[in-house]
Amino acid sequence: MSQGKLITMDEFTIQETRKFPQATGELSALLRDIGLAGKIVNKQVRKAGLVDILGAHGATNVQGEEQMKLDVFANETLINILKNSNDCAGIASEENDNHVCYEDTFSANSKYVVLFDPLDGSSNIDVNAPIGTIFAIYRRVSEMGKPCTEADFLQPGNRLMAAGYIIYGSSTMMVYATRISVNGFTLEPSIGEFCLSHPNMKVPENGKIYSLNQGNTIKYSEGMVAYLNYCMESNKEENRPYSHRYIGSMVADMHRTLIKGGIFIYPADKSNKNGKLRLQYECNPMAFIVEAAGGKASTGYGNVLDVQPTELHQRVPIFIGSKNMVNKVLEYIKEKETVA
Ligand code: AHM
Ligand code: MG
């Protein structure tokens, strides 16, 4: 944690941007807008347990106002804030079948598009476990001055300009990565600002935690099963057996992985040859963050960031986290040659 002077996320982002004389400040403004959406979502998330009192989706609350499900609320908040921002030409969201183009003049002249999962892990809301918003920012490839196009949203992760997440946990944090560094900001509720708390985050090269849905073992490939046995075997030199931790909320599992090291896996299995998680707004942003922090992210057959997307909601298997742990699981998978 940084000591002494409180540095807000906006201050920090502006200071960083000043290091690049050609920067226009648009990316900083976009990050600020996403942070603002995060604060608004956070306010609703903090009331989630009161849903039975205040009313669920479709019901009316005591004031007679219609209540919205949290993931719908998060989606609409992000869409509206980015629409009113001067720096976003359009968005794509897990909640929408197609991308959304903002067609006003300001937006048509904006150079960025944003993809997001507005509220990942939303099944965890009912049990008061952490959930999060994941986002990815690309520079558009379509012609400026005109509405954005699908091609803007089908760029590989290696073309990302920035990516991050907001975790609604025991505290609320926004973590974002540029190509240069990854930094984490904790929401100071009394002033309503994200403040720098985790500067220059680095994923430890080795870890002691593996994170995956081990209940699916019966569906896993031979290589995956062999790797799980490796994790569970006792080995004093390598500090095994490893601990197994799985929250079932990617943002929460990845946040722990980023801080403590370890590996997070959502592999291909016998019924889902591409796993479960979505490339453009779950795997790519997390891969970008982890690689900027010195870790590694693989699909089992190549880098996540090098996958050329062909459709907006496509899925990929993912092995992500501490470099040495990812390399180890890849050895097992390669040896058994069973991953699609
Ligand atoms: P969601 O986008 O519907 O919330 O699903 C994504 C979530 C991830 O946060 C998490 O890692 C994964 O699904 C858990 O899946 P499973 O229950 O199959 O282990
Ligand atoms: Mg999701």
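Biologist: Into which domains is the protein divided?

Modeller: Please bear in mind that this is a predicted model. The protein is divided into domain 1, residues 3-198, and domain 2, residues 209-337. The centres of these two domains, taken over C-alpha atoms, are separated by 25 Å.

Biologist: How many residues of domain 1 are in contact with domain 2?

Modeller: As a general idea, the size of an interface is often given as the accessible area lost when the parts come together. Here we count residues instead: 41 residues of domain 1 are in contact with 29 residues of domain 2.

Biologist: Let us turn to the sheets. What is the order of the strands in the open sheet of eight strands?

Modeller: A sheet is read by asking which strands pair, since two strands pair if there are at least two bridges between them. In this case the order is β2-β1-β3-β4-β5-β6-β7-β8, and the pairing is mixed. The edge strands are β2 (100-101) and β8 (193-198), each of which pairs on one side only. As an example of a pair, β3 and β4 (residues 131-139) run antiparallel and are joined by seven bridges. Within that pair, D117 has I134 in β4 as its bridge partner.

Biologist: In the open sheet formed by five strands, what is the order?

Modeller: The order is β10-β9-β11-β13-β12, again with mixed pairing. β10 (243-244) and β12 (296-298) stand at the edges with a single partner strand each, so one side of each has no neighbour in the sheet. β10 runs parallel to β9 (residues 209-211), and two bridges join them.

Biologist: Which residues come nearest to ligand 1?

Modeller: Of the 15 residues around ligand 1, the nearest are D120, G121, Y246, M250 and Y266. The shell divides into five nonpolar, five polar and five charged residues. Both domain 1 and domain 2 contribute at least three residues to this shell.

Biologist: Which N or O atoms lie 2.8 Å, 2.9 Å and 3.2 Å from oxygen atoms of ligand 1?

Modeller: A polar contact is a pair of N or O atoms within 3.5 Å. A backbone N or O atom of G121 is 2.8 Å from an oxygen atom of ligand 1. For N213, a side-chain N or O atom lies 2.9 Å from a ligand oxygen, and for E94 the corresponding side-chain distance is 3.2 Å. The protein covers 77% of the 470 Å² of accessible area that ligand 1 has on its own. The elements giving two or more residues to the shell are β3 (112-120) and β11 (263-266).

Definitions and conventions
Residues are numbered from 1 along each chain as its sequence is written. Chains are lettered from A and ligands numbered from 1 in the order in which they are written. This is a predicted model: local features need pLDDT of at least 70, side-chain atom pairs count only at pLDDT 80 or more; totals for chains, interfaces and linings use all residues. Side-chain values use heavy atoms; hydrogens and water are left out. A residue is near a molecule or strand if one of its heavy atoms lies within 4 Å of it. A polar contact is a pair of N or O atoms within 3.5 Å; within protein, one must be able to donate a hydrogen and the other to accept it, and residues adjacent in sequence count only if both atoms are side-chain atoms. Accessible areas come from the Shrake-Rupley method with a 1.4 Å probe; for residues, only the protein chains shown count as cover. Helices (H or I, at least four residues) and strands (E, at least two) are DSSP runs, numbered from the N terminus. Ala, Val, Leu, Ile, Met, Phe, Trp, Tyr, Cys and Pro count as nonpolar, Asp, Glu, Lys and Arg as charged, and the others, Gly among them, as polar. Domain bounds come from an automatic or database domain assignment. Contact means heavy atoms within 4.5 Å.
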